[in-house]
Amino acid sequence: MAASESYPDDLLYHAEHDWARIDGDEAVLGVTWFAQDALGELVHYEAPDVGSTVAKDSSYGEVESVKAVSDLISPLSGEVLEVNAKVVDAPETVNEDPYGDGWLIRIRMTSPEERDQLLDVAGYKKVLDEG
Amino acid sequence: VQTLRRTPLHDRHVALGARMVPFAGWEMPVQYEGVIQEHRAVRTDAGVFDVSHMGELEIEGPTARDLLQSMLSNDVDKLEPGDAQYTLLTNEQGGIIDDLILYRLDSHRYLIVANASNSDIVLSWLTDHELRGSDVRDVSDEYALLAVQGPNALDKVGLEHGKAFTWTMGEVDGVEVMINRTGYTGEEGVELACMADDAGRLWDAVVARGITPCGLGARDTLRLEVCYPLHGNDIGPQWDAISSGLGWACALETEFTGVETLRAVKERGPEQKLVPFKMTERAIPRQHMAIEGGGEVTSGTQSPMLDVGIGMGYVPAASAKAGTELVIDVRGKPRRAEVSKKPLYKKEQAT
């Protein structure tokens, strides 16, 4: 079952429809409800390697639906600590629970100050409204 | 800016919450609930597609047969009134201008159903070659076309089973329809042609009978699982019909545009062949990806039934045998695939 539209207010957002949940010097990253809805049911998650580095505003992987491919844009820079194996095995988890079980990677931030450049939920909703 | 055309069912698609996209100059539903769900509905139950964007041409007159026989690859003389045939409009190089279904309506009258994006070119090609005593007319705006497909499609819509590639007149819940035993999904089903004004009533009747509305997304994944080529992806004017694996639709003993070239290609064997393949590594092939050793993916997706990446593409003839390993460049990453037999999906494989 696809999740219904929501944008939790405890997350920080990137205008490319990605979110970050920051906890100390670590962050968990994923894609927003809008992104998964635009793509449709996901069937493939091309994940980065654990130990690789991701850079803010750069692609760290891809998700694919039957019809489309989308780059995953990292909202923050860091080192990949963990890849969500559940999503690798069952990519549709992202559609079912984009902010929970459908998270994509966990990173250790290398430039924590980058968080100041991210959007809060109001800022992200404005991006969506401006379409 | 080009204005997109709309089928008579446009408002119904929007009311059902369809995602509408531009396709071949038309605004068409790509999905309602989801591509995978709709795909499975057709494989296991029944689905209905609005394919009213497709072109319909009527060819009429004492020389209609001669015109079609000289232009189309298949043998028109095999058709009795009530029959239908898959055929190709070919160019001088044996390339495919469009792939078509030809229906014989009566002794001197035929109907062509053409791809939406090629309807105008088919019309001009035929009118340019019109013979004295044959008349070619574009009747696309007069008709709507609904594909009703799936193992339960006929029962649900209240029609008898029938022989593939035939047509009869009939009715569905009081709407007069031309019932064509054709389709693009690999499942049993019909394509129902009705007057454009009746399209809404027919659609409502079919949907009320519990048949799932399906968009062009599922239409594409369904046809790819059973290796039906898509014009503009897998076949086109740049590839001859033999290399495209459509020699079975070419009656090389008849005379039509490009037949000499096709005979020569058949004689010496094609250099490249269109083959179906399955990924043996996790990856989804996409159109235009390079195949190592000289080749290109022409269609690709994740198979909703097999849950692996599948596709079709041109490879050197030496690599065209089933079981041959292919390496596909998936955005810079080499990913292995294996040439398969047609079709990629068969009912027995269903799990």
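## A walk through two chains

The buried residues of helix α2 in chain B are Val35(B), Ile36(B), Glu38(B), His39(B), Ala41(B), Val42(B) and Arg43(B). Here, buried means under 20% relative accessible area, while exposed means over 50% and partly exposed lies in between, with a 1.4 Å probe and protein chains only. This is a predicted model, in which local features need pLDDT of at least 70 and side-chain atom pairs count only at pLDDT 80 or more, while totals for chains, interfaces and linings use all residues. Residues are numbered from 1 along each chain as its sequence is written, chains are lettered from A and ligands numbered from 1 in the order in which they are written, and side-chain values use heavy atoms, with hydrogens and water left out.

### Two covered helices in chain B

Helix α2(B) spans residues 35-44, and seven of its ten residues are buried. Helices (H or I, at least four residues) and strands (E, at least two) are DSSP runs, numbered from the N terminus. Which elements cover the buried part of α2(B)? The cover includes β4 of chain A, along with β2, β3, β9, β13 and α7 of chain B.

Now look at α7(B). Ten of its ten residues are buried, so α7(B) is largely enclosed by the rest of the structure. Among these buried residues are Leu216(B), Arg219(B), Asp220(B) and Glu225(B). They pack against β1, β2, α2, β3, β15 and β16 of chain B, where contact means heavy atoms within 4.5 Å. Just after α7(B), Cys227(B) takes a positive phi of about 65°.

### The largest pocket

The largest pocket has a volume of about 1100 Å³. On a 1 Å grid over the protein atoms alone, a pocket is an open set of points with protein on both sides within 12 Å along at least five of seven lines, whereas a cavity is a set of points where a 1.4 Å probe fits but cannot get out; lining residues have an atom within 4 Å of a point. Grid points are joined across faces, edges and corners, and the volume is the space filled by probe spheres set on the points.

Of the 49 lining residues, the closest to the centre of the largest pocket are Gly183(B), Tyr184(B), Arg219(B), Tyr228(B) and Pro229(B). Which element gives the most to this lining? The answer is α7(B), with five residues.

In chain A, three strands form an open sheet in the order β4-β6-β7, with antiparallel pairing. Two strands pair if DSSP finds at least two bridges between them. Strands β4 (42-46) and β7 (69-73) of chain A stand at the edges with a single partner strand each, so one side of each is left without a neighbour in the sheet. From one strand to the next, the twist averages 25°; axes are lines fitted to C-alpha atoms, for helices over the stretch in contact, and angles run from 0 to 180 degrees between N-to-C directions.

Strand β6(A) is mostly covered, with six of its seven residues buried. A hairpin joins β6(A) to β7(A) through three residues.

Chain B has an open sheet of six strands in the order β10-β11-β12-β9-β3-β13, and its pairing is mixed. Its edge strands are β10 and β13 of chain B, each pairing on one side only. Helix α6 of chain B, residues 199-208, lies across β3, β9, β10, β11, β12 and β13 of chain B and runs at about 160° to β3(B).

| Strand pair | Sense | Bridges |
|---|---|---|
| β6(A) and β7(A) | antiparallel | five |
| β4(A) and β6(A) | antiparallel | four |
| β3(B) and β13(B) | parallel | two |

Within these pairs you can find individual partners. Glu64(A) is the bridge partner of His44(A) and stands opposite Val69(A) in β7(A). Val63(A) stands opposite Ser70(A). In chain B, Val48(B) has Pro213(B) of β13(B) as its bridge partner.

### Two buried loop residues

Ser77(A) lies in the loop between β7 and β8 of chain A. Is Ser77(A) buried or exposed? Its relative accessible area is 10%, so Ser77(A) is buried. The side chain of Ser77(A) reaches the backbone nitrogen of Lys56(A) at 2.9 Å.

Ile284(B) sits in the loop between β14 and β15 of chain B, and at 0% relative accessibility Ile284(B) also counts as buried. Leaving aside neighbours within four places in sequence, the contacts of Ile284(B) include Val43(A), His44(A), Glu64(A) and Met289(B).

How values were computed:
Polar contact = N/O pair within 3.5 Å; in protein donor to acceptor, adjacent residues only side chain to side chain.
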